Amino acid sequence: MTTSSDQEKVVIFDTTLRDGEQSPGISLDAAEKLEIAEQLARLGVDYIEAGFPVASQGDFDAVQAIARSVEGPVVAALSRTQRSDVDRCFEALAEAERCRIHVFISTSPSHMEHMLKMTPAQVLEEVRQGVGRAREHTNDVEFSPQDATRTPLDFMLEVLGASVEAGATTLNIPDTVGYGIPWDFGDLVAHIRREIPGDYVLSTHCHNDLGLAVANSLSGVRAGARQVEVCVNGLGERAGNAALEEVVMALRIRQDQFPSLTSSVRTEELARTSRLVSRLTGYQLQWNKAVVGRNAFAHESGIHQHGVLAERSTYEIIDAASVGQVGSQIVLGKHSGRHAFAETLDKLGITLRGEALDAAFRRFKELADRKVQLTDADLEAIAAEEIGTTLEVGFTLDVLEVHGGNLETPKARVVVARDGQRSEAVAEGDGMIDAACSAIRKATGIDAQLTGFNVSSVTGGLDALGDVVIQLESGGVKVSGRGLSTDVVEASARAYLAAANRIVRSTARATRQGEIGP
Ligand code: KIV
Ligand code: ZN
């Protein structure tokens, strides 16, 4: 694809909402997915893979909502090769301005034997049928031979050739288990380019099991791939996918290595996109994460500080402002009204409407009453806490009372409400947080196991808002919830309740339709 006289475009295919959502414990509501999709559009990605419609009704609904309303990027969705899957995939995408069907099937001996229980000849036939059917719906069809890097080369070439004959316009090479090494993955891409004739775009889809996803993706680009499949913050199955922000910045900063290649990403939106995804998924970023981590532009040693003060480029290859890493500014306080609140959110690129906006404003007022001023980071966190909470009725926390200290057994009393019904419970615990969570467990009747707990502060300082993320597991369903407060016990109780509400929703969704995964 050529963008200007001598510039060639690397297509950015974001799969945060599909592969990223397959990370353990992530379960996004349709409203949260829509919020992320809108931010991805603002970021300027070319494709948003919005989900896997046949996996569940929830996925179908989210893909449909994104296809209906998100403007700019092409909306893609994943499909197995079966005709009914492809049709369902298109049904979810039908209202998009532009759409892509992404058809996949496993091609490695191990997957064909143990999972598909199909012969290579049957798999070839499936590819022809599935891609052919997708082409009847749209002329933008991507094909992926799953576990490509462990597929014998001859068979992969045969499968890819068949997919091009059936109408595939993008050939994606998934390193499904993160087995690739940069130079051999690059050789593979170059080999495919040489051997498969036709008018198609080659794409990389690299997982990070050996920590090489970004390096492999870049090696693929160097060898001729013109699409990269990436996730914000490197989310994805197991160790994740190639991180969008790292691939994009490597292409930009090392233009000497990728001459005349460009992407359409507005890099100033990278930090905000990263924060939004982190907040809504409950996956916190490591401090030293490249490009978007809080330490990415922090300098500890005196020599480095001196150098950066004298001339930024002495120790920084990226300008922090160019990726949106700018300090929090004080924006609103307890006297600010709803209008100012909504306007500020708007400036931050957060689109809350109706009930969600009302709920966020109420939370803002509660918190502003306890904290002198709220920064833009605080506001982003408040908004993230509310997105999706008004979608379906859940429990709300009406009362929380805790007693503790080093002399008495910690106790908590809570009152929760759902559909106008109030329920009260009292519990003891190892500490006040434990007691509060136990009381919520009793009051809601949702029996779940706590599998993760993380507390951090939204901004620095003693008066910072506490930001708690809790992971729960119940009957095989893994979810996370987030809570904010000036008080860590209350933030924990809110996070616990948010996660419990997700269990209610996920269980309801899963029972509405049996779920499957790629
Ligand atoms: O990792 C993988 O193989 C995938 C495919 C479905 C493209 O995510
Ligand atoms: Zn994948």
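**Reading a predicted fold**

Modeller: Let's start with Lys117, which is exposed, with a relative accessible area of 63%. Bear in mind as we go that this is a predicted model.

Colleague: Okay, where is Lys117 found?

Modeller: Lys117 is in the loop between α4 (109–116) and α5 (120–137). Its phi is positive, near 55 degrees, and Lys117 is a residue other than glycine.

Colleague: Now the metal. Which protein residues are the donors of the zinc ion (ligand 2)?

Modeller: For a site like this, read off the donor atoms, then their spacing along the chain. Here Asp19 donates through OD, while His205 and His207 each use NE2, and these donors lie 2.0 to 2.1 Å from the zinc ion. The spacing of the donors along the chain is D-x185-H-x1-H. As for cover, His205 is buried at 4% relative accessibility, and His207 is buried with a relative accessible area of 4%.

Colleague: On to strands. How many of the residues of strand β7 (residues 141–146) are buried?

Modeller: Six of the six, so β7 is largely enclosed by the rest of the structure. With a strand, check which way each side chain points. Val141, Phe143 and Pro145 point one way from β7, Glu142, Ser144 and Gln146 point the other way, and all are buried.

Colleague: And which strands does β7 pair with?

Modeller: With strand β6 (residues 99–106), β7 pairs in the parallel sense over six bridges; there, Phe104 has Ser144 as its bridge partner. Two bridges join β7 to strand β8 (residues 170–175), again parallel, and Phe143 is partnered by Leu171 in β8.

Colleague: In what sense do β15 and strand β16 (residues 421–428) pair, parallel or antiparallel?

Modeller: Antiparallel, over eight bridges. In β16, Glu424 is the bridge partner of Val415. The two strands form a hairpin with two residues between them, and Asp419 in the turn has a positive phi of about 50 degrees.

Colleague: Last one, the surface. Which residues make the nonpolar surface patch?

Modeller: Leu450, Phe453, Val455 and Val488 do, and the patch is about 310 Å². A handy next step is to ask which element supplies the residues. Strand β17 (residues 449–457) gives the most, with three residues. Val455 has its place in that strand, β17, and is partly exposed, with a relative accessible area of 42%.

Notes: Residues are numbered from 1 along each chain as its sequence is written. Chains are lettered from A and ligands numbered from 1 in the order in which they are written. This is a predicted model: local features need pLDDT of at least 70, side-chain atom pairs count only at pLDDT 80 or more; totals for chains, interfaces and linings use all residues. Side-chain values use heavy atoms; hydrogens and water are left out. Donors are N, O and S atoms within 2.8 Å of the metal (3.2 Å for Na, K and Ca); water is not among the atoms, so sites may look incomplete. Buried means under 20% relative accessible area, exposed over 50%, partly exposed in between (1.4 Å probe, protein chains only). Two strands pair if DSSP finds at least two bridges between them. Helices (H or I, at least four residues) and strands (E, at least two) are DSSP runs, numbered from the N terminus. Patches are made of residues with over 30% relative accessible area and no salt bridge: like charges are joined within 9 Å, nonpolar side chains (Val, Leu, Ile, Met, Phe, Trp, Tyr) within 5 Å. Accessible areas come from the Shrake-Rupley method with a 1.4 Å probe; for residues, only the protein chains shown count as cover. A salt bridge is a side-chain nitrogen of Lys or Arg within 4 Å of a carboxyl oxygen of Asp or Glu.
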